[in-house]
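I opened my notebook to look up a few things in this structure.

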Amino acid sequence: MKILLKIFLFFITAIFLTAGFIVSKILWDYTVVTDEIPKPAPQEIAVAFPLSAKVNPFIGTGGIPWTCAYNFPGASVPFGLVRLSPETSAIFTGEKALNSSGFFYGDDKIIGFSHTRLVGTGATDGGHFLVLPADGMELFENKEWYYKYSHADELAYPGYYSVKFPKRGIKAELTATPRVGIHRYTFNKEMQPTLLLDITHALGDKRAEDGYLQIDTLNNQMEGHVRTFGSFAGRYGGIKVYFVATFSKPFIAHSILENGQISNALSTKGNSIKAAIEFAAIQHPEEVIMKLAISHISIDNARENLALEAAEKPFDHISQEAISTWENRLKSIEIQGGSSTQQVNFYTALYRSFQMPTVFNDANGQYLGFDKNVHQADSFQYYTDMSIWDTFRTTHPLYNLIAPGDQQDMIRSLICMAKQGGWLPRWPSGYGYTNSMLGSAADIVISEAWQKGIRDYDIDFAYENMKTIALASTPKGSAFSGRDDNDLCIKYGYCPADSMEEAVSRTLEFAWSDYAISKLARQLGHADDAEYFFQKSMLYKNVWNPETQYFHPKNANGNFTEDFKPLLLTYLDGDETYTNDYVEGSALQWRWAPFFDANGLTGLFSSNDYFIDELNNFFEKTDPAVGKWNPGSYYWHGNEPDIHAAYLFNTVDRPDLTQ
């Protein structure tokens, strides 16, 4: 018996030691990757473009996988269709898109450089036309393309990205125009300069089909298209993207890999297409410039985009144009004081706010509308990829102040979507409704902009469309889900928790939109509508529970639910026993949601002093670790105990801040 016990303890000890070794190895390898720091912007960039030099494009690319900020370090211009960036894969598993933009800071392998992605959202979409430089055909037939790399060999600033692969003797540099990605690959030793292209690539584990490739060896060009089905594009039938690519050196050989079969054909169609282009090596270092333009309309439009934006311009000239454009955008806000770190954080955040939405029309003004037909934007830029549920609170109000022209075009685009698709969208992406999140926050964006003097669009159509969405549930089977279960919310004066999910959040979000419609109706001279929607907006108070002092799930019979844990986050409530009625947050966080009615909100609390104490506690709790996250609480701690409540009270009667 003792021998068996010793054997058992030996195996248990061995298992724990092995597990400990594996965990230590993972943490060590991960730390080795993340401890490396990319190079700062060169001194000449910092002198010529001081604000751009404060931007750190790597901020928000790491952290906890799947919950990071979903940013990317690659090259783009403000609101550009092309977002050209490296894609990476995980250290041990090889998994892709741990960050939905394709680049995760904790990964140690680059699999190539692709042209499209969304920014700052958990949706994995894009990854079109992946490119990887190589020495001949060594990687072409491999299932996985990748090179190990170090962050110490990276450099990025607005409009430019580069990385070196020292063991391979290759340097990759990227820059962009609105619709063209420009690559410069330098081969630094004796090798066969080659570019590998994955025509049917999609970010992460998303799929692609309907690939087409045509190679023009006489003119050193290729063209083609693909349809990808990402998190959002898959919801409206996929998004088709066309491309034309030109190369600075003549081809000496090419190969196509289609469904595992290699050929020297000049064209092919299929759902799995890769190509390899070999170039003559004349001297070392040897440069190959690739310019790849995209369009959602046609190959001809992609070719025109290339001709108008990049065809005759050298790489360095385009890179300078890109950073100059960024510098002018960043000048929209000038700051003083603060530490250098705070200034970097500020200008990086401002930079991110201009990376998306996306200008979706081609250089000739054509765009694909929500009716899947080609339309012409003659007097404005047509935008898509608007994360309105996320941005109506902050980013769109910022555009009202620092980018009113862009805001006007975004609203014109929303109205075009409604005219061509039927409804003002909530989270439009590409050329379709994604129905992501909840509510009808476009009402708030348009109403606020109109009140602040940003006009010159069909406000009457927008207003009537808002009313249509607000006064009934969208018909079943519609492309747009509208205010889901709205009929029940209207019937009861709140969204009943026993009839739908997200009931509390829906009640509060619908109320905010109703308030925005009321304000717009008043501006347009519709007094009766204004009063009706104002009274409707005040119904959010119906889910306030004076016993708990929270917005509390309420059933159709008028009773509040019994299962209630106001500090529990939705992400931590696995079976949603307590948080099914809230969206991406706890009851504590949704407690402050009716920003549109600050007086009404404060009046719900048992006293003003209690409101102030609770709001301050929300921001800083009682933890002495000022400015740090307390894992035992769901609060973010500040360092000025009265500033948060004072700010809210001081903005109650300021229409410039509260409308």
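I looked at the link of Cys489 and Cys495: it is right-handed, with 115° about the S-S bond. This is a predicted model, where local features need pLDDT of at least 70, side-chain atom pairs count only at pLDDT 80 or more, and totals for chains, interfaces and linings use all residues. Residues are numbered from 1 along each chain as its sequence is written, and side-chain values use heavy atoms, with hydrogens and water left out.

I noted the sulfur atoms of Cys489 and Cys495 as 2.2 Å apart, forming a disulfide (a pair of cysteine sulfur atoms within 2.5 Å). I counted 1 disulfide in the structure.

Are Cys489 and Cys495 buried or exposed? Both are buried (under 20% relative accessible area; exposed is over 50%, partly exposed in between, with a 1.4 Å probe and protein chains only). I also checked Cys68, which is buried at 9% relative accessible area. Cys416 is buried too, at 15%.

Next, I turned to helices (DSSP runs of H or I, at least four residues, numbered from the N terminus). The axes of H9 (residues 442-451) and H12 (residues 503-524) cross at roughly 35° and come within 8 Å. Axes are lines fitted to C-alpha atoms over the stretch in contact, and angles run from 0 to 180 degrees between N-to-C directions.

Which residues make the contact (heavy atoms within 4.5 Å)? I listed several, including Ile444 and Trp450 of H9, and Trp512 and Leu520 of H12.

Notes:
Helices (H or I, at least four residues) and strands (E, at least two) are DSSP runs, numbered from the N terminus. Contact means heavy atoms within 4.5 Å.
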